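Open the model in your viewer with the sequence panel beside it. The stops below say what to select and what is there.

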Amino acid sequence: MQKVGLSEHTSDAVSLKPIYAIPSVILRTSGSVGVALIMWIIGALIAAAGTSVYLELGTGLPRSGGEKNYLEYIYRRPKFLTTCTFAVYVFITRSAAANSVVFGEYVVHALGYAPGEYNIRLVALLSLTFCFFAHAIWQNFGLRLQNSLGFFKLFVLSSIAISGFFCLLGVPGFTVREGYEKPTNFQWRKMWEGSGTGLNGFVTALYSVIWSFIGYQGANYVLSEVKDPIRTMKRGAPLAMLFVTLVYIFVNVAYFAAVSKNDILESRRIVVALYFRNLYGPATEKALSIVVALSVLGNLLTGQFTQGRGKRLFPPSTPNQT
């Protein structure tokens with residue numbers, strides 16, 4: 001059985017894929033740059049509370065299964081009700097198919113082909129097949145690739161955060177190129193301009209932030225394969241949450257330093273594409289497609305790893321009576 005250590009737990013604890021696109025949604029629903037940044041902080045605190053709940057449950061029942069084990073332990077009667085209910089939830093709410101289609105879109109774009117229904121679905125099918133064989137047959141390779149892509153995502157986002165900080169300081173080589181609107185998002189009055197979109201906008205923005213942190217429960221699905229699970233969870237979960245929170249906030253600052261508010265709200269492109277275009281030119285668009293595709297592939301590998309090993313629905317686990 002492949003054992004997962006602290007570094008693997010930390011790198012895969014939170015899905016980082018939404019940060020490429022979701023900041024524009026949060027800005028649109030919150031109304032202003034200042035409120036959007038506050039939403040990220042509040043959402044991080046709520047996600048940290050969720051992490052602490054899963055940390056408590058995981059260290060109390062340190063075996064693979066996640067919510068299935070916890071619900072079966074708490075609700076023991078009627079027998080099999082929890083197992084069957086959770087089975088329905090798992091089968092109808094999986095996102096692997098949608099993520100594989102996103103992967104197909106970016107791969108087709110990176111290869112220079114016109115996106116079409118059949119070539120995108122073909123790439124999506126091949127990606128899911130590859131993930132299946134990677135974890136079913138080449139287990140060591142699959143886990144190493146998954147972890148490598150996890151660290152790759154962290155490296156890319158850290159690079160965006162650093163280059164955005166340089167742009168904010170006006171360092172030569174990291175300034176917005178000619179022909180694109182210069183952002184003024186951090187001028188005090190501009191920073192709060194547009195605030196007050198109403199309670200619906202506030203809740204939508206907050207929910208989008210919380211969704212960006214989804215993944216902190218992933219380790220609970222495979223605790224039987226974690227080295228010293230209680231100690232690893234107590235160290236890895238808070239470390240991952242802290243690091244990802246900092247990366248998310250700094251990446252948002254980078255986006256707002258390089259892309260104007262009007263560009264983010266009016267363009268239909270994902271915000272990271274605008275960021276690369278403004279700093280490095282439109283020629284980087286193909287490289288960006290490769291980066292996003294690799295990030296989605298890492299997300300697919302992580303999902304297959306946790307779902308394939310952690311959510312073993314039948315037979316139900318026997319609750320610990322002690």
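Select S148 and R144: the side chain of S148 reaches the backbone oxygen of R144 at 2.8 Å, a polar contact (a pair of N or O atoms within 3.5 Å; within protein, one must be able to donate a hydrogen and the other to accept it, and residues adjacent in sequence count only if both atoms are side-chain atoms). S148 is found in helix α8, residues 139-169. Helices are DSSP runs of H or I with at least four residues, strands are runs of E with at least two, and both are numbered from the N terminus. S148 counts as partly exposed because its relative accessibility is 45%; buried means under 20% relative accessible area, exposed over 50%, and partly exposed in between, with a 1.4 Å probe and protein chains only. The C-alpha atoms of S148 and G298 are separated by 8.4 Å, although the two residues are 150 apart along the chain.

A note on the model before going on. This is a predicted model, in which local features need pLDDT of at least 70 and side-chain atom pairs count only at pLDDT 80 or more, while totals for chains, interfaces and linings use all residues. Residues are numbered from 1 along each chain as its sequence is written, and side-chain values use heavy atoms, with hydrogens and water left out.

Zoom out to the whole chain and colour by secondary structure. The chain has 14 helices and zero strands. Of its 322 residues, 50% count as buried. Among contacts (heavy atoms within 4.5 Å) with a separation of 6 or more, 82% are between residues 24 or more positions apart.

Next, select residues 22-30, which form helix α2. How many of the nine residues of α2 are buried? Seven are, and the helix is mostly covered. The buried ones are I22, P23, S24, I26, L27, T29 and S30. To see what covers them, show α3 (33-60), α10 (199-212), α11 (229-258), α12 (261-266) and α13 (271-280), which are included in the cover.

Keep α2 and α3 and hide the rest. The two helices pack at an angle of about 120° with their axes 8 Å apart; axes are lines fitted to C-alpha atoms, for helices over the stretch in contact, and angles run from 0 to 180 degrees between N-to-C directions. On the α2 side the contact is made by I22, P23, I26, L27 and S30, and on the α3 side by V33, V35, A36, M39 and W40. These residues divide into nine nonpolar, one polar and no charged. Here Ala, Val, Leu, Ile, Met, Phe, Trp, Tyr, Cys and Pro count as nonpolar, Asp, Glu, Lys and Arg as charged, and the others, Gly among them, as polar.

Step past the end of α2. G31 follows the helix and has a positive phi, near 100°. Most residues other than glycine have a negative phi. S32 is found in the loop between α2 and α3, and counts as buried because its relative accessibility is 0%. The side chain of S32 reaches the backbone nitrogen of V35 at 3.3 Å. Leaving aside residues up to four places away in sequence, S32 touches L27, M191, W192, E193, G194, S195 and K261.

Go along α3 to I42. I42 counts as partly exposed, because its relative accessibility is 29%.

Now select α13. Nine of its 10 residues are buried, so α13 is largely enclosed by the rest of the structure. The buried residues are V271, V272, A273, L274, Y275, F276, R277, N278 and L279. G281 follows α13, with a positive phi near 95°.

Two stops remain. P78 is found in the loop between α4 (67-74) and α5 (81-92), and the peptide bond from R77 to P78 is cis, with omega near -5°. Most peptide bonds are trans. Last, select S127 in helix α7, residues 117-136. S127 is buried, with a relative accessible area of 4%. Not counting residues up to four places away in sequence, S127 touches S100, F103 and L300.
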